[in-house]
Amino acid sequence: MKITIIDGQGGKIGRALIEQLKKMRPDLELYAIGTNGIATSAMMKAGADYGATGENPAIVNAQNSDIIVGPIGIVFANSLLGEITPAIATAVGASPAFKILIPVNRCNHYVVGCGEIGLGEYIRMVCEKIDSMC
């Protein structure tokens, strides 16, 4: 099962996801795709098995992933302060992969119905969902 984590900025969400997933299931192969080098580096240090940076790796890996995980902004063009290009958002949205999106109510969007849950709780919920799918 190919699990791709996409993150930008400083890679905080991706790093936390990878750390917890590796604790739960060390056998998972996790692909870290950062929209910048800092994000990719943070996810690799957290234990990702593979990593790449930029638009093309996001597009290529979205095409053949089983699960894509990241902040909800990965499906909004120009989100994450412009780090999510329209091509990345389209590739993630069009991917046949099961998508697990973390609702981060920032950057000019608000997800109705989402509680003001801390990031740690969202990370735990994502890891439980992936665990149940494996």
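## Report on a predicted model: sheet, helices and salt bridges

The structure contains 5 salt bridges, a salt bridge being a side-chain nitrogen of Lys or Arg within 4 Å of a carboxyl oxygen of Asp or Glu. The model is predicted, so local features need pLDDT of at least 70 and side-chain atom pairs count only at pLDDT 80 or more, while totals for chains, interfaces and linings use all residues. Residues are numbered from 1 along each chain as its sequence is written, and side-chain values use heavy atoms, with hydrogens and water left out.

One of the salt bridges links arginine 15 to glutamate 19, with the closest N and O atoms 3.9 Å apart. These two residues lie 4 residues apart in helix α1 and are therefore separated by about one helical turn. Helices (H or I, at least four residues) and strands (E, at least two) are DSSP runs, numbered from the N terminus.

An open sheet of 5 strands is present, in the order β3-β2-β1-β4-β5 and with parallel pairing; two strands pair if DSSP finds at least two bridges between them. At the edges stand β3 (50-53) and β5 (98-102), each of which pairs on one side only. From one strand to the next, the twist averages 20°. Strand β2 (residues 30-34) runs parallel to β3 and is joined to β3 by 4 bridges. Alanine 32 has glycine 51 of β3 as its bridge partner.

Helix α1 lies across β1 (3-7), β2, β4 (67-71) and β5, and runs at about 150° to β1. Axes are lines fitted to C-alpha atoms, for helices over the stretch in contact, and angles run from 0 to 180 degrees between N-to-C directions. Contact means heavy atoms within 4.5 Å.

| Helix pair | Axes come within | Crossing angle |
|---|---|---|
| α1 (residues 12-24) and α6 (residues 119-133) | 10 Å | roughly 45° |
| α3 (residues 55-63) and α5 (residues 86-94) | 8 Å | roughly 10° |

Helix α3 is therefore roughly parallel to α5, and α1 and α6 are oblique to each other. Angles under 35 degrees count as roughly parallel, over 145 as roughly antiparallel, 65 to 115 as roughly perpendicular and the rest as oblique.

In the second pair, Glu55, Ala58, Ile59 and Ala62 of α3 meet Ala87, Ile88, Ala91 and Val92 of α5. This contact has 7 nonpolar, no polar and 1 charged residues. Ala, Val, Leu, Ile, Met, Phe, Trp, Tyr, Cys and Pro count as nonpolar, Asp, Glu, Lys and Arg as charged, and the others, Gly among them, as polar.
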